[in-house]
Amino acid sequence: MIKLDMHLIRDIDKDETKQLLCKAMVDFCKSAGILSVAEGVETEEELETLISLRTDYAQGYFLGIPRFSFAPIASEKVDMIQRLAMQRTYKQLYNPIVVERDGTHIGIVTVKDLLDTCTKIEVDAAMHSNPLTGLPGNLLLEKEITSRIFADAPYCITYYDIDNFKAYNDAYGFQNGDLMLSLTAEILKDRAKKNEFIGHIGGDDFIVICDYHEGKEYCEGVIDEFARKVTNLYRDEDVKNGYIISKNRNGVTENFPIASLSIAGVSNRATFRPYLNVDEFSHAVAQLKKKCKKQLGNYFEIV
């Protein structure tokens, strides 16, 4: 690698001489098979100029503060870099990228096609995600569930329902209800250690898809953390009493316990269940959910 000093990079967008010097060095690097690294980038204009000059890499305060360890670039910076990349010349947009998987050549894709596909994936994910939690919604969940129940690989699919959520929502208001939903989503994500797929069906219903049979440990961790943190969303008096006063679905006032979790899980550890479609699978889960909801407090069961 060759580093281009920050004194050359500073205000390069305004200095034609610096641009010519940088271009000459980058052209030399390209010919010699050397990577060029521009340091000290502090403005978007400098970065845009360096991209137009075909510099390989860049670093500087505009992209991120130096750290002792590697950290991901902020999403807004990634979006900006993608936008600048798309502003390159027509010829550069179609530069090929060799794609490999596990050391095996898969094919070739252009920079433009790669960025277009990334954008499409982001848009599709946003369209089918829950607006509050940002988690995948029903359409993506159905796809993920289908891929598991019709395959031979291990899986454990768990459904999460917040007990007494409606009563809490009515007594504390929708804004606090949203806080409880967000808390649940964060706990599910926080407990994910093995690339678990986490989704938000809607309302107070969530789902976690594990590509392994052992879902018990995950459920226990979620319940423990939920039980510790959910009381922070209640008034001290209600926590002391262990219940809140609200109206049931028939409009009758009664006491409702502090919110808890009912978790129903289905695993293919014991036997292979030949579900014909997602609806049949969902029906089996619904029956188990009814059983779990009848239990007092936090409860989970995996079959």
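In the predicted model, Glu186 is joined to Lys189 by a salt bridge in which the closest N and O atoms lie 3.1 Å apart. Both residues belong to helix 9, where Glu186 and Lys189 are separated by three residues, about one turn of the helix. Glu186 has a relative accessible area of 46% and is therefore partly exposed. Lys189 is likewise classed as partly exposed, because its relative accessibility is 35%.

A second salt bridge is formed between Lys291 and Glu301, with an N to O distance of 2.9 Å. This pair connects distant parts of the chain: Lys291 is located in helix 12 (residues 278-293), Glu301 in strand 12 (residues 299-302), and the two are 10 residues apart. The accessibility of the partners was computed individually. Lys291 is partly exposed, at a relative accessible area of 41%. For Glu301 the relative accessible area is 17%, under the 20% limit, so Glu301 is buried.

Within helix 7 (residues 138-149), Arg148 and Glu144 are four residues apart, about one turn of the helix. Their side chains form a salt bridge, and the closest N and O atoms are 2.7 Å apart. Arg148 has a relative accessibility of 13% and so counts as buried. In total, 15 salt bridges are counted in the model. Side chains of opposite charge can pair when their charged atoms come close.

The packing of helix 9 was also examined. Helix 9 (residues 174-190) packs with helix 10 (residues 216-229) at an angle of about 140°, and the two axes are 10 Å apart. Because of this angle, helix 9 is oblique to helix 10; an angle would have to be over 145 degrees to count as roughly antiparallel. The crossing of the two helices is right-handed. On the side of helix 9, the contact is made by Leu183, Thr184, Ile187, Leu188 and Asp190. Helix 10 contributes Tyr218, Val222, Glu225, Phe226 and Lys229. Sorted by class, the residues in the contact of helix 9 with helix 10 are six nonpolar, one polar and three charged.

Conventions: Residues numbered from 1 in each chain as written. Predicted model: local features only at pLDDT ≥ 70, side-chain atom pairs only at ≥ 80, totals over all residues. Heavy atoms only, no water. Axes fitted to C-alpha atoms, helices over the stretch in contact; angles between N-to-C directions. Parallel < 35°, antiparallel > 145°, perpendicular 65-115°, else oblique. Left-handed = near helix turned anticlockwise from the far one by under 90°. Contact = heavy atoms within 4.5 Å. Nonpolar A, V, L, I, M, F, W, Y, C, P; charged D, E, K, R; others polar. Salt bridge = Lys/Arg side-chain N within 4 Å of Asp/Glu carboxyl O. Buried < 20%, exposed > 50% of the residue type's maximum accessible area, 1.4 Å probe, protein only.
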